[in-house]
Amino acid sequence: MLASAFAFFFMANIGSSFANSDLPDLGTAAVNTFSLEKEMVYGDAYMRVIRSSAPVLNDPVLNQYLSELGNKLVAHATGVKTPFYFFLLRNDEINAFAFFGGHVGVHTGLFLNADSESELASVLAHEITHVTQRHLARSLEAQQKSSTATIAGLLGAILLTIAAPQAGMAALATTQALATQSKINYTRLHEKEADRIGMQILVEAGFDPNGAADFFAELATRYRFTTTPPQMLLTHPLPESRITDARNRAAQYPNRYIPDNLNYQLAKARIQVRFSSFNDEAALSLFETQIKKNAYTFKEAALYGKALALFRLKKYDQSEAIIDTLIKQDTNNLFYIDTKTDLLAQRKAFDDAIVLLEAQRKLKPTSQVVNANLANIYVESGSPKKAIPMLEELIFLDKQNILPYQIMTDAYRKMGNKALEYYANAEAMALAADYKGAIDQLNYAYRHSEGEQLQIARIEARIRQFREADRQLEALK
C-alpha cells in the first residue's frame, strides 16, 4: 500500500556520518590524536550548519561543473585521504575556504572576478592543499601546550563562525589571542605550502601555471587602496612577495598555451544572471553589450547569458531561439540542455522535455543535471513514481545533496504516500542540521505507516540517530 520495501530500506539506510558517529570529546587535551575519522565527523557537522545558515546553491548545473573541476584537480593531488565535496555559496564576496573532511566552499563572487578557468582552478588547488596537508588539524595539534579550553574554544568558534559569521569571528579572535606568535607564523607556513603544492596540482591537471599569479595580481591591483578588502584577503594575506613567488614558480614550467574552457564562461554567465547583484535588465544589457562590441571570451557564453536574462524577463520565445541555436552547435552541452528543459517546462511541453532528457540520460546515466531535471519533469508532468529511482540514484551518488530529497518529498506528496513524504522531508531537514524538525517529520511518518513493522522499525532507528546527532551538535556549539 505504501512504496516498496526496497525504496523504504534504501532511504532508511542513507545515514550521515554525523548522525551515526560519536563526536570526539572536546575536553581532552590529546589533540595530536585528531584522526581523519574525527575530521570527517566534524566536517559533516559543519556542512550541515552551513546549509542551515548560509545561501548554499542547489543548482545542479553549477554544482556538477564545480565538482568536475575540483575532482580533476584532486586526481593530481598527493596525500588524498578523504573524499572531497565542493559546494557554492551565493555571495558576491571573493572568497573560498576549506575545512574538515574535504569540504571546499566557493563563493559565487570568485566566478565573477576570475577571468579564466585557470584562475579559478588555482584557488581550488590552494584549498585542496589545505585539506590534503591537514592544515586545520595541524593548527590544532600545534596548540597542544595551550589550555584545554583554548582548543575546545577554537573548534566551537569554527562552527560558530559558520552559523553566525560576525559572532563567530569575534569568538575566534578571542581564542586565537591566547595563542603564541609561533602559531601565527605556523599559519603563514601553511599558506606558503598551499601555494607551492597547489601550483604543482594546477600544472599537472593541465591548467595555466600563471593562473595563480594573474589572479593574485588582479586582487592586489583592485584592492590596493581600499580600507575593506574582500574576505579572501583577510584569510589569505597577499603581500607582494606572494605574487612574486607565484610568478617565479610559474616561470619554472614550460611556456605553453592553455585555452580557456567554454564551460567556465557559461558557468560565469549563469551566475551573473541568476546569482549575482545584477537585476534582470542589467544582466540583459551586459550580454547585449558584449555581443555588440565582441567583448567576450566565447560568443556562445555571451549568447547563453542573454538567453538566461531573456528567460527571467519572461521573453521565452526569444530565449528559446538562442538556446536552440546553441544546441545545434553543441548538442550535448548540459548548460544548454538545462535551460531548454526550463523553457519546455514553462510551456508545459513535458513530453518533449522527457524525450530530450531520456536521450541525454543514455549518454550520461549518472549526471546530476540530467537526473535532477528528468525527475523534476516527471513530478511536474504527473508521473512522480517514475522520478523515484532517479532520485534514489542521485542520493546514493551524493548523500550530501539536499535537492533530491526535496524533489522526492514533492514526488511522494503527489503520490499520496504520506509516510515516505515525511521521511524524505526529514532527511532534507537533517542535512540542514534541523534534527528536531526532522524528528517531528519522522513522527508524522510513523503515524502514517499503518502497521508496517519494517517501516516503523526504520523510523524508530532514525529517530534515535537524529536525537543523538542533535545532542552532539549542541555539545559542539
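Select Y42, Y46, Y85, F87, F97, F99 and F100: ring pairs link these residues into a cluster. Rings of Phe, Tyr and Trp (for Trp, its six-membered ring) pair if their centres lie within 6.5 Å. The structure is a predicted model, in which local features need pLDDT of at least 70, side-chain atom pairs count only at pLDDT 80 or more, and totals for chains, interfaces and linings use all residues. Residues are numbered from 1 along each chain as its sequence is written, and side-chain values use heavy atoms, with hydrogens and water left out.

**Two ring pairs**

A pair of aromatic rings is described by the distance of the centres and the angle of the planes. By the rule for pairing, the count comes to 16 aromatic pairs. Keep Y46 and F100 selected: their ring centres are 5.9 Å apart and their planes stand at 35 degrees, a tilted pair. Planes under 30 degrees apart count as stacked, over 60 as edge-to-face and the rest as tilted. This pair links distant parts of the chain, 54 residues apart, with Y46 in helix 3 (residues 36-53) and F100 in the loop between strand 2 (96-99) and strand 3 (103-107). Helices (H or I, at least four residues) and strands (E, at least two) are DSSP runs, numbered from the N terminus.

Are Y46 and F100 buried or exposed? Both Y46 and F100 are buried, where buried means under 20% relative accessible area, exposed over 50%, and partly exposed in between (1.4 Å probe, protein chains only).

Next, select Y65 and F111. Their ring centres are 6.2 Å apart and their planes are at 65 degrees, so the pair is edge-to-face. Y65 belongs to helix 4 (residues 60-74) and F111 to helix 5 (residues 108-113), and the pair links distant parts of the chain, 46 residues apart. Y65 is buried, with a relative accessible area of 6%, and F111 is buried as well, at 0%.

Remain in helix 5 and select L110, which is found there. L110 counts as buried at 0% relative accessibility.

**Helix 20 and its partners**

Now select helix 20 (residues 368-380) and helix 21 (residues 384-397), whose axes come within 8 Å and cross at roughly 155 degrees. Axes are lines fitted to C-alpha atoms, for helices over the stretch in contact, and angles run from 0 to 180 degrees between N-to-C directions. Helix 20 and helix 21 are therefore roughly antiparallel to each other; angles under 35 degrees count as roughly parallel, over 145 as roughly antiparallel, 65 to 115 as roughly perpendicular and the rest as oblique. The contact (heavy atoms within 4.5 Å) is made by residues including L374 and Y378 of helix 20 and M390 and L391 of helix 21.

**The whole chain**

Finally, display the whole protein chain, whose secondary structure comes to 25 helices and three strands. Of its 477 residues, 53% count as buried.
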